[in-house]
Amino acid sequence: MNAPIEHLTADTIVEFLASIFERRGSEEYLGEPVTMGEHMLQGATFAEQNGQPDEIIVGALLHDIGHFTSEFGTFSMDDTEDRHHEDAGAAVLEQFFPSVVTDCCRYHVAAKRYLCATKPSYSKRLSEASVHSLNLQGGPMTADEVAEFEQNPNLKQIIAVRYLDEAGKVAGMETPDFRHFAPRVQRLVDAHMRATQS
């Protein structure tokens, strides 16, 4: 399914996301030893294995959806400026998902900057590609940015997805495909649509 984004509905968004994974999931993930699809599926799998709630599992599954070209945006190791893939993805997700899922996408870059500022040891976890993108994204947060970021009501979940983001870079790891997670994704969409229509 390759429908224009503006034509997506609560009944078609999950199939649209599934088609992105199927059509684009094998693309290179910023020089990492995994593909783009493998990266996101690994994060979701780790979350599921650890008994995390649907919001964290789906947040990890979709946090980098904005990287896909033509649908959203892109990034490469040759970039000299940030492409704000987190905003591109969140702009689509916010129409269909609760704020916690959208925030896990929109702020996973900010979470990296936050953790680098508040937990210096965190920067040692970062891959070469993550360090490169961090520099384009503004580097560690300032004290004022930290204070503002900590006001986000979904901070705990955003940080959890950020750690899953760093974990999802295991070469050769086997995971379920997107279809395995699709029922969880649809449940969140349906719940969000009911909440916004009530």
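Predicted model: local features only at pLDDT ≥ 70, side-chain atom pairs only at ≥ 80, totals over all residues.
Me: Which residues of α5 are buried?
Reply: Helix α5 spans residues 99–106 and is mostly covered, with 6 of its 8 residues buried. The cover over them includes α3, α4, α6, α9 and α10. The buried residues themselves are V100, V101, T102, D103, C104 and C105.

Me: Stepping back, how many helices and strands does the chain have?
Reply: Read along the sequence, the pattern is α-α-α-α-α-α-α-α-α-α. That comes to 10 helices and 0 strands.

Me: What share of the chain's residues count as buried?
Reply: The same cut-off applies here, under 20% relative accessible area. The chain has 198 residues, and the share of them that count as buried is 53%.

Me: And among contacts with a separation of 6 or more, what percentage join residues 24 or more positions apart?
Reply: These are contacts in the chain between residues at a separation of 6 or more. Those linking residues 24 or more positions apart account for 71%.

Me: Which residues touch the most other members of the largest nonpolar core?
Reply: In soluble globular proteins, nonpolar side chains tend to be buried together. The largest nonpolar core here has 58 residues. Those touching the most other members are I13, L17, L61, L62, F97, F149 and F178.

Me: Let's take F97 from that group. Is F97 buried or exposed?
Reply: F97 sits in the loop between α4 and α5. Leaving out residues up to four places away in sequence, F97 touches I13, L17, V58, L62, T102, V185, L188, V189 and H192. Its relative accessibility is 1%, so F97 counts as buried.

Me: What distance separates the C-alpha atoms of F97 and V189?
Reply: V189 is among the residues that F97 touches. The two lie 92 residues apart along the chain, and their C-alpha atoms are separated by 5.2 Å.

Me: Which residues does H192 touch, not counting those up to four places away in sequence?
Reply: H192 is part of helix α10. With a relative accessibility of 16%, H192 falls under the cut-off and so counts as buried. The residues touched are E94, Q95, F96, F97 and P98.

Me: How are α3 and α10 oriented to each other?
Reply: Two packed helices are described by the angle between their axes and the distance between the axes. For α3 and α10 the angle is about 120°, with the axes 10 Å apart. The contact is made by D54, E55, I57, V58, L61 and L62 of α3 and F178, F181, R184, V185, R187 and L188 of α10. Roughly perpendicular covers 65 to 115 degrees and roughly antiparallel begins over 145, so α3 and α10 are oblique.

Me: What is the handedness of the crossing where α2 passes α9?
Reply: Helix α2 (residues 36–49) packs on helix α9 (residues 155–167) at about 125°, with axes 8 Å apart. H39, Q42, G43, F46 and A47 in α2 meet L164, D165 and A167 in α9. The crossing is right-handed.

Me: How are α6 and α7 oriented to each other?
Reply: K112, R113 and C116 in α6 meet S130, S133 and L134 in α7. The angle between the two helices is about 95°, and their axes are 10 Å apart. That angle falls in the 65 to 115 band, so α6 and α7 are roughly perpendicular.

Me: S127 is in the loop between α6 and α7. Which residue's side chain does S127 join in a polar contact of 3.4 Å?
Reply: S127 counts as buried because its relative accessibility is 16%. Not counting residues up to four places away in sequence, S127 touches E32 and K169. The polar contact of 3.4 Å is with the side chain of K169.

Terms used. Residues numbered from 1 in each chain as written. Heavy atoms only, no water. Helix = DSSP H or I, 4+ residues; strand = E, 2+ residues; numbered from the N terminus. Buried < 20%, exposed > 50% of the residue type's maximum accessible area, 1.4 Å probe, protein only. Polar contact = N/O pair within 3.5 Å; in protein donor to acceptor, adjacent residues only side chain to side chain. Contact = heavy atoms within 4.5 Å. Core = buried A, V, L, I, M, F, W, Y, C linked by side-chain atoms within 4.5 Å. Axes fitted to C-alpha atoms, helices over the stretch in contact; angles between N-to-C directions. Left-handed = near helix turned anticlockwise from the far one by under 90°. Parallel < 35°, antiparallel > 145°, perpendicular 65-115°, else oblique.
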